[in-house]
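Welcome! Take a moment with the picture before reading on.

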Amino acid sequence: MATYVIVGAGLAGAKAAQTLREEGFDGEIVLIGAESERPYERPPLSKEYLQGRGEREKIFVHEPGWYADNDVDLRLGTKVTRIEPAHHLVRLGDGSRQPYDKLLIATGAVPRRLPGPAYYLRTVDDSEALKRRFAEGANVLIVGASWIGLETAAAARAAGCQVTVVEPEPTALNRALGPELGALFARLHASKGVNLRFGTAAAEITESGVRLSSGERLTADLVVVGIGAAPEVGLARDAGLDVGQGVLTDSSLRTSNPDVYAAGDVAEFFHPLYGRRVRVEHWANALHGGPAAARSMLGQEVVYDRLPYFYTDQYELGMEFSGDIEGHDEVVYRGDPESMEFIAYWLRDRRVIAGMNVNVWDVVDDIQELIKSGVTVHPKELSSG
């Protein structure tokens with residue numbers, strides 16, 4: 001009987017285990033996670049759950065009894081110390097060894113950190129710790145006008161906290177969306193009372209706040225750092241697998257070792273549409289990448305070509321984003337961005353490469369089909385179609 005081991009008990013790992021069973025795999029499945037909680041979804045941690053609007057039980061991928069009912073050996077609070085592809089085994093923190101026939105690496109990513117006392121938002125424990133502090137009406141300083149940073153700022157303001165955001169870029173989400181749309185998000189937060197400090201970095205984090213690169217000191221009850229995440233590639237690198245920005249895979253999510261696969265935040269997979277490898281940290285990639293990797297492990301023909309997709313909720317703004325803006329040369333709007341109800345299209349050589357719908361719904365499939373088609377379009381068609 002074959003044994004499939006999944007290292008990483010997050011959304012990608014849990015959905016991979018589910019798919020293996022749904023596709024008829026009757027061998028042993030071992031799902032290993034370092035956290036003490038059973039697999040859960042991360043988006044609510046910076047959105048409704050952080051704002052106290054979501055029940056804890058709803059963040060989990062499966063009901064408590066699902067793993068036993070489906071004969072999935074879920075090992076929580078367990079650290080994998082080494083992967084040995086030559087011997088088809090993983091070594092665990094307690095000194096034991098777990099053999100495998102095929103292995104999926106779904107170790108995710110960890111927040112990039114700064115020296116000094118600060119909060120980070122990655123786990124359910126992180127979210128609950130921040131929720132408690134927000135309820136106390138704390139003076140919150142957030143380092144980084146990233147998606148996590150801005151969602152955290154929105155949650156803190158909803159709780160009545162004073163909020164300051166420090167960001168070295170000229171506006172919010174500058175690299176993710178470009179200056180025009182980044183400025184729109186900045187104006188939204190400013191209108192809600194957030195103190196935005198662009199063009200300056202946090203030089204030092206102290207018990208009383210932050211010293212900026214300009215030398216100015218800002219006081220705060222707590223500092224939250226949201227400056228991105230780094231993929232957990234250490235195990236893969238030590239195992240001799242090919243690693244770049246993430247664990248390198250082909251379009252079937254197979255790594256440089258034929259019996260080892262990677263999915264979710266940690267995978268840098270070849271995307272046929274872009275003709276290059278991409279690494280996507282968002283929820284949808286874990287949701288769909290885990291099942292794709294599972295099918296690939298089973299020997300099915302898999303081409304993982306889903307477009308990057310992300311959503312956010314901040315105050316009254318709801319947004320969905322599809323694609324990748326890299327290399328764009330034009331942005332076209334359908335509707336007025338200032339109305340907070342519009343669609344933005346990023347173009348390269350008059351082909352749509354990304355789209356974002358803000359408070360406009362049921363259009364994601366159409367936007368993604370337009371991106372995948374690669375057809376040339378005239379900007380007027382997009383703005384008035």
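Are Asp-265 and Arg-122 buried or exposed? Both Asp-265 and Arg-122 are buried; here buried means under 20% relative accessible area, exposed means over 50%, and partly exposed is in between, using a 1.4 Å probe and protein chains only.

## Before we start

This is a predicted model, where local features need pLDDT of at least 70, side-chain atom pairs count only at pLDDT 80 or more, and totals for chains, interfaces and linings use all residues. Residues are numbered from 1 along each chain as its sequence is written, and side-chain values use heavy atoms, with hydrogens and water left out.

## A buried charged pair

Side chains of opposite charge can pair when their charged atoms come close. A salt bridge is counted when a side-chain nitrogen of Lys or Arg is within 4 Å of a carboxyl oxygen of Asp or Glu. Asp-265 and Arg-122 make such a bridge, with their closest N and O atoms 3.0 Å apart. Asp-265 sits in the loop between strand E18 (260–262) and strand E19 (267–271), and Arg-122 in the loop between strand E8 (109–111) and helix H3 (124–135), so the pair ties together parts that are 143 residues apart in sequence. The helices (H or I, at least four residues) and strands (E, at least two) are DSSP runs, numbered from the N terminus.

What else does Arg-122 touch? Setting aside neighbours within four places in sequence, Arg-122 is in contact with Tyr-40, Arg-42, Leu-45, Gly-108, Ala-109, Pro-111 and Asp-265, where contact means heavy atoms within 4.5 Å.

Gly-108 lies in the loop between strand E7 (102–105) and E8. With a relative accessible area of 13%, Gly-108 is buried. Beyond its neighbours within four places in sequence, Gly-108 is in contact with Arg-122, Pro-231, Glu-232, Asp-265 and Val-266, a list that includes both partners of the salt bridge between Asp-265 and Arg-122.

## Other salt bridges

How many salt bridges does a search of the whole structure find? The search finds 20. One of them joins Glu-316 and Lys-192, with the closest N and O atoms 3.1 Å apart. This pair links distant parts of the chain, 124 residues apart: Glu-316 is in the loop between strand E21 (309–314) and strand E22 (317–323), and Lys-192 is in the loop between helix H6 (179–191) and strand E11 (195–198). Glu-316 is partly exposed at 49% relative accessibility, and Lys-192 is partly exposed at 29%.

Glu-281 and Arg-279 form another bridge, and their closest N and O atoms are 2.6 Å apart. Glu-281 is partly exposed at 31%, and so is Arg-279 at 23%. Elsewhere, Glu-37, Arg-56 and Glu-128 are linked in a network of salt bridges.

Lys-47 lies in the loop between strand E2 (28–32) and helix H2 (66–69). Lys-47 is buried, with a relative accessible area of 4%. Apart from neighbours within four places in sequence, Lys-47 is in contact with Glu-151, Tyr-311, Thr-312 and Asp-313.

Ala-220 is in the loop between strand E14 (217–219) and strand E15 (222–225), and this residue is buried at 10%. Ala-220 and Ser-208 are 12 residues apart in sequence and 5.8 Å apart in space, C-alpha to C-alpha.

## Positive phi angles

Most residues other than glycine have a negative phi, and most peptide bonds are trans. Asp-349 has a positive phi of about 55 degrees although it is not a glycine. Asp-349 is in the loop between strand E24 (342–348) and strand E25 (351–358), and it is exposed, with a relative accessible area of 54%. Asn-359, in the loop between E25 and H9, also has a positive phi, near 55 degrees.
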